[in-house]
Structures are given as structure tokens and as C-alpha cells.
Amino acid sequence: MRGVSRGKRESKNNNKVLPHTHRFDQRTNRLENLQNYRIVEFQSKPNTLILPKHSDADYVLVVLNGRATITIVNPDRRQAYNLEYGDALRIPAGSTSYILNPDDNQKLRVVKLAIPINNPGYFYDFYPSSTKDQQSYFSGFSRNTLEATFNTRYEEIQRILLGNEDEQEYEEQRRGQEQSQQDEGVIVKVSREQIQELTKYAQSSSGKDKPSQSGPFNLRSNEPIYSNKYGNFYEITPDRNPQVQDLDISLTFTEINEGALLLPHYNSKAIFIVVVGEGNGKYELVGIRDQQRQQDEQEEEQEEVRRYSARLSEGDIFVIPAGYPISVNASSNLRLLGFGINAYENQRNFLAGSEDNVIRQLDREVKELTFPGSAEDIERLIENQQQSYFANALPQQQQQSEKEGRRGRRGPISSILSSLY
Amino acid sequence: MRGVSRGKRESKNNNKVLPHTHRFDQRTNRLENLQNYRIVEFQSKPNTLILPKHSDADYVLVVLNGRATITIVNPDRRQAYNLEYGDALRIPAGSTSYILNPDDNQKLRVVKLAIPINNPGYFYDFYPSSTKDQQSYFSGFSRNTLEATFNTRYEEIQRILLGNEDEQEYEEQRRGQEQSQQDEGVIVKVSREQIQELTKYAQSSSGKDKPSQSGPFNLRSNEPIYSNKYGNFYEITPDRNPQVQDLDISLTFTEINEGALLLPHYNSKAIFIVVVGEGNGKYELVGIRDQQRQQDEQEEEQEEVRRYSARLSEGDIFVIPAGYPISVNASSNLRLLGFGINAYENQRNFLAGSEDNVIRQLDREVKELTFPGSAEDIERLIENQQQSYFANALPQQQQQSEKEGRRGRRGPISSILSSLY
Amino acid sequence: MRGVSRGKRESKNNNKVLPHTHRFDQRTNRLENLQNYRIVEFQSKPNTLILPKHSDADYVLVVLNGRATITIVNPDRRQAYNLEYGDALRIPAGSTSYILNPDDNQKLRVVKLAIPINNPGYFYDFYPSSTKDQQSYFSGFSRNTLEATFNTRYEEIQRILLGNEDEQEYEEQRRGQEQSQQDEGVIVKVSREQIQELTKYAQSSSGKDKPSQSGPFNLRSNEPIYSNKYGNFYEITPDRNPQVQDLDISLTFTEINEGALLLPHYNSKAIFIVVVGEGNGKYELVGIRDQQRQQDEQEEEQEEVRRYSARLSEGDIFVIPAGYPISVNASSNLRLLGFGINAYENQRNFLAGSEDNVIRQLDREVKELTFPGSAEDIERLIENQQQSYFANALPQQQQQSEKEGRRGRRGPISSILSSLY
């Protein structure tokens, strides 16, 4: 919450899964209710497969670049799904799944929200395969148990399932030019034929139809809830989507156009974890200074507001606690993916603009009692912003005064822009 | 839980909000499940308004003295409600609201249960206004963001919305006799005309009708669940009221008449936080001594009961853990407001009296096996108390023996009363 | 989780309740979500009664030996239930109840899952009676409160309800050969006549009918979900039984025959606490080595699997975290009682065998990419195990090779068996 964390990192091996797990609760003492949520971001190269695994966590996954074919395996069936940019999918805890990047050119970039089930904040991946990155869970069973399980001699199980350091050389010879899994790690190259097989029965996002129980859904399939020439705001709420209902999660997708401002607002009850999909910008978040604890004897001291502010670029992650006013402006087209925790019946309260503006809704008498200006002053001030939700980050008045050269203390537009971002 | 905490405190400035936040979990290691609940009590003078704000907590609020007009502002509408003595209202987390005391003479006294949403046990108030007690959240945004937000020059925003220390003198002159907000704090005086406007469309408690989704409801609007000449017990349960349903809260209002006893009983699963509305009395609460932790080697040691007991007066707060037997007696007419946590399907089990008495329900054979007396003795003992729920705190037998002067070790009634309380 | 804990212990006084409370969360840092669950096991002799009490915990109780008549007392009624081997019953938090062993010969053995309501992991028993093991909660009230409560002089209350050390001698004389409660503890002997009275209106398990709201239900009343000649697996899931629904608990009963293996599998989302009802065997549980915390700089290190393994005998308890593969084999007929936490929509994923085998469900191409063997090798290996769920712990191939004497490094069957267990 204090500042921004980077959701991406460079790796020596470009072909490797890059899970960067964020523990939000360690960075502040104010967000304990967030401690059971983690964000994982990973990428895979064209024509690769992330090998099958299961985890002790629920996942809600969103594709932010490229295409994916994700297969979820249940004890009695398997189902493959095609996902494109903006598609989301829930992978229930314990489901064995594998993720294919079927594209010939584009890298696949996925962000997922993880909700651990054994222990808040910690979860593990369980792989049936052994590679240089991890061991097969089969290797955790004793020789005797494996022989009884497969009704087969251990040496055979080892050759077929587990691999064997001694046999590795032989293995690699046997499989010719194909790279052994132990060398490749958990992301492996796949051939065109394999991709064809793996995508043959894959099901795609349902589009504008009513959301399905289990398939992918696109964050932008419904009309944006807020939209004008400065931006669009899409939201999937838990009451409208069975896949996120029991998790009480909402998903938002925000497009803020270059030079636009998402007007100051606060969420009534949801805590949002936001990932920057692309673009650059800046957010300002307003909290209350925590003086409750050390302040028992100075009761008359004024409560202070505190601004948390940071520049944003692709892969950054930030948290918006419930009730905290926030604004975001975009220095280039900005795309934000948001996961809302505790989202059921959350309400966005805007503090300016024409619609959904709580300040505008105050009684005229209360406006006057609340602010130093007269009621006329205040209502005129509110009317000055005729846009709703999104507005110009470079206000008209400034633009005009620049044109007219009347406000000497301002420099040219370019320097104003640089002060904004 | 150990003893009583005072829910009120004196202030130098009588016109100030007096939030006294209670952290119940810090006072005992037995009530961890209560850690996310806080009680706040505040008062305001006649003809005053508590300025608009929102909080990162859900509130259930009850008026214990005077009258209030509470306005809840949503992004697209506002609704004012009139509340009188015993009226309750839920203010959902993040709702901007303001509280008017429209009365010319009576002070307003309100108790609220707060359920924080970002972090267990901590919550903050967010005010759009700046006063000497707190800063406006608008002042947390940068100059550039405010100019873009209001499409207005910063100096103008400062004059109308934020106030300015330098301009304050000018301000006060301009507004003549009216006191500036910066001086007044978050409770401000309001005129008769302003009160008339603010209460014009206010909606009142629905009375005995079925409870509404959002309006106030009176704790005594239904028949008391327990009632006799010694007292009345009212309860609003989560299954009967949509406003407290998702919080799993019940609300109780107990009237114990002077000289009466609320008979020993325990709650099957709810934890109650009780606030003394008025009157004086005493409670006795029976727990089990915590010997589990240091006692591994002395397994044969007897478990001991422990009495938690304290006198009660207006503004006191105490907690009744689930399963702990409790009795309360009144030395003057006692009014108790209770918030029940985890209240769905809670059951009150009385340990004496004619009805709802679990001891009476024991099999005759089990009574004899349980207690030293014969079955006849036990059943006669139970029959001696012919009242249910509430009884005379000064038992008939004692009164008689006093009259007849047969029990020499007792003094006159007055001294008995003093030993009771 | 690491190893096995013993759920039983010897006592000097065989007639005493033997609650052995297990705090699972103290033994590992991985199972925080289990911290509010405790297992209690107790036994009582033929023709005895465990005296009435209530607790600040919800219970789900299962009879593992003998018979019980359990009476649950509510404020306005009481109901007795007959329970036999494998019968389960929920005792809601705060319900006063007593447990009779009506059998003339068999000891009663009960295991219960406790879910505390005031504080995670701690709960207390509240007894109306005083014995040498504990004090009556009535003795926690003051003399004055008791007199007003029972409208009776204190000396009489003491004689009939509380007992009195001074009067004890007299008491014992008065009651002749009958033992006083203060001597007996909370389990007391009952006569044939008393048993007859206490069981007269008792209601029995509903059998195969649809589960009732409150009566006992047998874990084996429905068809086993997995069954063959090697074993049976019964499960009561929260969606099918109203008594465990709001607790989100499932109950399993597993019968593994001598020499059989419950095939490796994992639970998708439930955490299971398993109690050994009878028999001997061994389990193998596969987790991931926790290297996440100290490993930030050694990113390339391989994740390691870790085997948790232990022998099992009657009264042992172990925990199966969600997602962790497990196998169990039986050296004598093994009976396991399981309590599943977070059980709604849990799915068992088998890793071998003919049905419900997730490995079998992998795409043929993915099988080849995942394991070192060829697709043919892998599918043949999977086909080798023709059983589902349960199989021979001594694989056919080993048996054959023993017979044929071809595998010199193996000894005779007996030594193989000893290496298995």
C-alpha cells in the first residue's frame, strides 16, 4: 500500500515461470484482512506448455498479453479453454491444470489472484513431473508404495515416471534432439502437432451471454459501467458471476486514456488489488495518519490526512483499501486490472463530477456548514466539472490561462505535463 | 470482560464528539473472536450537526437519549431518518452520513457497534471538511489533481473547499457572527431554519410493521420475549431483520426494574457486548478458571469456577461470553443495550425459574445423580421460584424472615439492599 | 501433521473422562486454518453416566465403540438419542447434554470434533454439579443471588444443589451404600432402573432415510462411495446433511482390509483430521519443503518434496492438508474416522487406479511432455493397476517374482510385509 511494488522481474532464463508472490500485509499494519490474498504474475514464450500441477490455493487468472489454452483436469474428465486478452478463468483449489501458449509469436502474460486454503498467505505447487526446478510428488512415496500403486516393478516406474539421474544420459540419447524435461524446467517447448491436439476441443469465452459456471469470461464483455471519451471502466461483480461469487471477488478493468484522470472516489467496502497491464501514470491515495495508538494523552491533536502517491508502469501493483479516496491519471494509455476483495455490494463514491458524486448529494445547508465557501460558491465549484468518472487531467482553465498567458507562474504545457506525472 | 469499562468520558469541550473505542480482546485472552468489534459512544448538544464523514467500518447505531436526524448519502441519492429513544439504524461501511440533534433541549446520546473492514480492530473517519479536529481528505490530493478534478484554479478550491489559515481572518469577518468551522470542530451549531430543512423529508421508524431494508427500527417495537412485573426483555434477531442479518448481529434491550433480578442464564452461542443505558445495578458472571495451559502435569486438579462481578452505572460496558452463566440485578431502574455477536440461532438457557429452565428439564434420575439432594428436594427447590426470567432480587423468604425477625444474622432491609448492590 | 499424535491415554482412574485435546496448529506452521478445530476422545465404563454439562464449542461426535444414549436438553424440551458404532451426532454449542453408557459389558468410546466459539482453540465445560473434578457453576454466584434466584435460604441451596464439605460425611451416611458425587467425578454409576428410565424415549439413527435436522446418523448408512474387495470408503458431505452443513464439515469412514492399500490421492480443498478407530497400518503423506521464506536469493534452487510417514494404531490421529498426496496401507483391518474441514465441494483426485485418476485424464501429448517415458510406456504403466481406490498392498508382480524366485534381492513374503509396515 505504501508505494508500489513491481509485479514482474527479469530472469536469466526467459522461458521460466516467474512467480512473484506479493504479501501485502507485510508492508502495512492496516490491511490484515488482505493477508490471505496473493498476486502471482508469470509469462511464457510462444509454443510452450507449463507442465501439469495442482496447488493448495484457489486461483482467479486473467490473460494480460497473448493467448492461452488452459486445461483443467478433474478425476473423471478434462476440459480445455481458449483465453485471449482480458479473459478471466477460475481454477478451483486442487485442480490439476496446464497452460499452453499456442501462439507462434506472442508471449503469454498472465496475472492471478491466489487464495491459499491450508494456511493464510502460503501455498505450494504440486507437480507430477520431476524437472530441474522441482521434484515429482510421486517421488515422495516409498518404493513399496509405488510398486503396489502401479502394480509394477520400481525400476520400471522410475524409468517411465520419475526419471533417474544415472539414466539421464541414456534418456537424452533415446529421445534424440528432444530436450529432456529435467533440463527444461516446468515450461517445455511443444510442436505444432501437439498444439493442434491440445487445442482441438478447447472452449472459448462465452462473450455477452450469461456467465457460465466454469468457462472463461471476458472482463470487457459487458458494457462499461463508466465511459466517456477519457476512459472506460468495466466490472464483473460477485452477484453476477458464479465463478467469483463464493470467493466474494470482483474484477475490474480500467482504461484511462492518455492525459485523462480517473476522478477522486472511494470504494465503500471492497479492498482492491490493482495490477498495471500497460501504460504509465500516477495514483494519489488518501489515508488517515495512524495516531490512535501513541496518542492517548494528546486527545486534542488534529487527525491528519496522508497522501500515498507513486508513478505507475507495466507490472506495478498497488492496493486501494476500502474507504480511502483515490485518483489515477494517465501519461500514456493506461490499462489497470483490479481484484476486489470483500466485493459484494461494494459501491464507488465519487467526490467530484456530474454523476455518482456524494459531495453533490449533501444537503445545501450541510454543504455550507461543511465547507468555508457559501452554498452558491460550493455548488458552482461542483458544476465546474461537467464530466463524470473520467475527466481531462489538464484542466480547461489551465489550458486557457496558458493560452492567454495570464498565469505567469506556470510554464508551457510540456512542463505542466511533467509536473502531473 | 474482567470487570467493567466506562463507555463515556468527560471532555473540556462539551460540544465535541467523544468516541471512546473499546478493544475487548486486549483485556482477556479468551475472546479472540470478539477482536473485530468495537463500541463507540458519543453525545451532541441540542441544535447541532456532526459534519459529514465516512468510515472503513460497518456501524449499527442506537439512540439512548434524545432525538437524531441521520442522513445517509449515497452516490445517487440521500435519505434522512428520524430516530428516537431505542431506535437503531445500520450505517453501511463507506456510507457518507451526518447526524443532526434537532432537539432544542435534550442532548443526543448514541452508542454504536463498529465492525472494521480493512483491519480487525482499527478504523478511521474520513471527513470532506477541515476543522480544528481533523483535515479534509480533499487536502490529501495534490494541487494539480484538485485543479483537474474541479476544473478550477487551486486558489478558488482552497477558498471554497479547504479553507486557508491566512484567509481565516477574512473568512470570519465575511461570515459575520457565524463561527468558522475550523474553530468549531466536527460538531457545529445549526439554526432553526437549517434544522427545518434537514428534517423536512426524514423518515421515521417503521413501528410494528415488518422491518425495512434500510430505515430505523425500534428495539421495543415488538412484544418483549420475556416480561413480568420485574422487567422486560426485547430482542431483534438476525433472522428477523435484514439490516443485521449479514452481520449476524442481534440487538437486545433489557429493562430491569428497581429491586429486580434477571435470573441466572447463559447464551448458547452468542457473545454479548452490553452497554448500560441508565440506572444502577450489579452483574455476576461465572467463568471457568483457565488452568489448561500451565497444568499439563497436574491432571487431577479440580477445575475451578470464577466469578466476575461488578457494579454497573450509566455508560458502563461489559461482555458476556457464550456459555458463561450471568445474572444482573437492579438497584434502580436499569436499562441495558446488548449487541449479540454470532447471534444466529442463539438460545438463552435459564438456570432457574418457571420457564426455559434447563435444570428443570433434566431427567428426574439425572437430577438426583447430579446434585447431592434427593429428587424431591431438587424439584421442590426449583418450584420455589415461581417467576420466570425476572424475579425479586430480595427473596420473599428473606423478606418474611426479616418481618418475623427470625434470622438474627440479617440486619434491616436497607442493609440487605446494600449487600446486594 | 508431522508424524502422529496419540488420541488416547491411560488414566489412574479408569472411570474418568479422558479428554485429550489436540492443537494441530502448534505442530506446524502450515495449517493455520485448522487452529479453531480440536479433537477430543473419551471413554466410559458400562452402566455409567457422564453428568450434564454445556461447552462453549460446537461438537460433532462419533461412537467408535459400544453404545451411548445421549440426552440433549433445551430450555423447553429434552430429547434422548441412542447411538451405536459409527453413529454421529451434532451437539450444538451451549446445549446442556449428558451421555449414558447403557451397556452391561462394553465400554463406550467416543471421538468428537470441537469447534470453539469464544476463542479459537480453547473451550471449557460448564457443569451444574460439583464433583471432585470440577465445581458447579452455581457456586460461582454469590449467596445473595442464589437466595433470590431460588427464593430459598442459602443453607438449603447448599444442601440440595452445591454440597458442602462439612456436610459430606452426613451425606454419605444418608445415602447409604451409594457413592457421593464428590467422590465419583463427572462419570457416575447408574442402576438398571435408571438406565431404563433414561433410554425409554430415546430415538435411534434414522438409517437410510434422508438425514434429520437433529438426530443421529450412521456414517455407513449410505452406499460407500468407493468399494472393492480391499476396502470401503463412506462419506457424509455437508451438502447432504443439515447437521454438518453450516459447519462445512464432512465425515468419512474408511475400511481398509488387511494387506490392502488406499491408493495415492489428494483432496482438492478439504483438510482432513483422521482418527484411527481400530487396526494397524501406515500412511505416507507428500508435502513440499518450505523453502519460500529463507530462499529469496537462491531462486534457482529446486523445490523438494518431503515424505511424512508413520505407523498407525488405534487412537492415533493425523492430519491430511488439502492438496497433499497421501496413501494408507493396512497391516491388519484398519478403520479410519475422518473429519473434513472446509469440505463443501471437496474432490478426491486419485493418482493411480482405474477410476477418478487425474493422471490418466492428462492429454496423451501432455503425458509424454510430463514424464520421461513414452506415451505408450505411461499408458501401459497406468493400465497395470486395474483396481480403483483400494488395491493389494503387496503387488502381484512382487508376489509372482517371489514365487518364481527371480528377484534375488527380495526376501520371503514375511520380510516384505515387515518392510511395508
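How many salt bridges are there between chain A and chain B? The count is three. The points below set that number in context, for what is a predicted model.

1. Extent of the A–B contact. Chain A contributes 75 residues and chain B contributes 72 residues. Together the two chains bury about 6600 Å². Carbon and sulfur atoms account for 51% of that area. On the chain A side, the most area is lost to chain B by Leu369(A), Pro372(A) and Leu381(A). These three residues together make up 12% of what that side buries.

2. Polar and charged links. The three salt bridges between chain A and chain B include one that joins the side chains of Arg78(B) and Asp363(A), at 3.2 Å from N to O. Between chain A and chain B, 18 residue pairs are in polar contact, with both residues at pLDDT 80 or more.

3. Make-up of the chain A side. Helix 8 of chain A, residues 364-370, supplies the largest share of the side that touches chain B: five residues. By class, the residues of that side of chain A are 28 nonpolar, 24 polar and 23 charged.

4. Sheet in chain B. Five strands of chain B form an open sheet in the order 2-9-4-7-12, with antiparallel pairing. Strand 2 (38-44) and strand 12 (217-218) of chain B are at the edges. Each has a single partner strand, so one side of each is left without a neighbour in the sheet.

5. Strands 2 and 9 of chain B. Strand 2 of chain B runs antiparallel to strand 9 (residues 108-116) of chain B, and seven bridges join the two. Within this part of the sheet, Ser44(B) faces Leu108(B) of strand 9, standing opposite that residue.

6. Sheet in chain C. Chain C has an open sheet of five strands, in the order 2-9-4-7-12 and with antiparallel pairing. Its edge strands are strand 2 (38-44) and strand 12 (217-218) of chain C, each pairing on one side only.

7. Strands 7 and 12 of chain C. Which residue of strand 12 stands opposite Ala88(C)? Phe217(C) does. Strand 7 (residues 87-91) of chain C pairs with strand 12 of chain C over two bridges, in the antiparallel sense.

Notes:
Residues numbered from 1 in each chain as written. Chains lettered and ligands numbered in written order. Predicted model: local features only at pLDDT ≥ 70, side-chain atom pairs only at ≥ 80, totals over all residues. Heavy atoms only, no water. Pairing = 2+ DSSP bridges. Helix = DSSP H or I, 4+ residues; strand = E, 2+ residues; numbered from the N terminus. Contact = heavy atoms within 4.5 Å. Buried area = accessible area lost by both parts, 1.4 Å probe. Salt bridge = Lys/Arg side-chain N within 4 Å of Asp/Glu carboxyl O. Polar contact = N/O pair within 3.5 Å; in protein donor to acceptor, adjacent residues only side chain to side chain. Nonpolar A, V, L, I, M, F, W, Y, C, P; charged D, E, K, R; others polar.
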